[in-house]
Amino acid sequence: MADDDDDARPRLRLTALTFASSDPRRLAGFYARLLGHEVTTDEPGWVQVGPGPAFGGTLSFELDRAFTRPAWPSVPGGQNATAHLDIEVDDLEAAVAWAVRVGAEVDSFQPQDDVRVMRDPDGHPFCLYLPEQDD
């Protein structure tokens, strides 16, 4: 790091995550239903799911006419997923069933026992996971 002077840093606040989508309205509807939030903005090519009980920020979805379903795990030369959502759940089996019911798919690659890798309707991966238990 070039400078560790926190006093010089201006106020920065992360307010949204934005996803490219082949169908922003459909994808926003999926996440709104999955998380129990509401669609707050619905414009041609741009839809947002507002803050709610599961996430205090905004999820935004923008039209990408050349959208390609991301590959995960990464493959050479592929359109690789560069980020994903981690969603904490109380009951992994029930959360997976709910996610599938509202339009997700269970990914074929499952690297951990207490995490389920899912795919949203556009193929973006997201994880449902159980919090660590104190022994």
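1. Asp23, Arg26 and Asp122 are joined in a network of salt bridges, a salt bridge being a side-chain nitrogen of Lys or Arg within 4 Å of a carboxyl oxygen of Asp or Glu. This is a predicted model, in which local features need pLDDT of at least 70 and side-chain atom pairs count only at pLDDT 80 or more, while totals for chains, interfaces and linings use all residues. Residues are numbered from 1 along each chain as its sequence is written, and side-chain values use heavy atoms, with hydrogens and water left out.

2. The exposure of each residue is described by its relative accessible area: buried means under 20%, exposed over 50%, and partly exposed in between (1.4 Å probe, protein chains only). Arg26 is partly exposed at 37%, and Asp23 is partly exposed at 30%.

3. Arg26 also forms a salt bridge with Asp122, with an N to O distance of 2.8 Å. Because Asp122 lies in the loop between strand 7 (115-119) and strand 8 while Arg26 belongs to helix 1, the pair ties together parts that are 96 residues apart in sequence. Asp122 is buried, with a relative accessible area of 4%. Helices (H or I, at least four residues) and strands (E, at least two) are DSSP runs, numbered from the N terminus.

4. A further salt bridge links Asp107 and Arg119, at 2.7 Å from N to O. Asp107 is in the loop between strand 6 (105-106) and strand 7, and Arg119 is in strand 7, so this pair ties together parts that are 12 residues apart in sequence. Are these two residues buried or exposed? Asp107 is buried at 9% relative accessibility, and Arg119 is buried at 5%. The count for the structure comes to five salt bridges.

5. The fold may be described next. The chain has two helices and eight strands, arranged along the sequence in the pattern β-α-β-β-β-β-α-β-β-β. Its C-alpha atoms fill a box of roughly 50 × 45 × 40 Å along the principal axes. Of the 135 residues in the chain, 35% are buried. A contact means heavy atoms within 4.5 Å; among contacts with a separation of 6 or more, 52% involve residues 24 or more positions apart.

6. The largest nonpolar core has 24 residues, of which Phe30, Tyr31, Leu34, Phe61, Ile87, Phe126 and Leu128 touch the most other members. Such a core is a set of buried Ala, Val, Leu, Ile, Met, Phe, Trp, Tyr and Cys residues joined through side-chain atoms within 4.5 Å. Which elements each supply at least two residues of this core? They are helix 1 (24-35), strand 3 (46-49), strand 4 (58-63), strand 5 (85-88), helix 2 (92-101) and strand 8 (125-129). Helix 1 gives the largest share, seven residues.

7. Leu34 touches Ile87, Trp98, Ala99, Val102 and Phe126, when residues up to four places away in sequence are not counted. Ile87 lies in strand 5 and is buried at 16% relative accessibility. Apart from neighbours within four places in sequence, Ile87 is in contact with Leu34, Leu35, Phe126, Cys127, Leu128 and Tyr129. Ile87 and Phe55 are 32 residues apart in sequence, with their C-alpha atoms 9.3 Å apart in space.

8. Ser108 is placed in the loop between strand 6 and strand 7. This residue is exposed, with a relative accessible area of 79%. Ser108 and Trp72 are 36 residues apart in sequence, and their C-alpha atoms are 10.0 Å apart in space.
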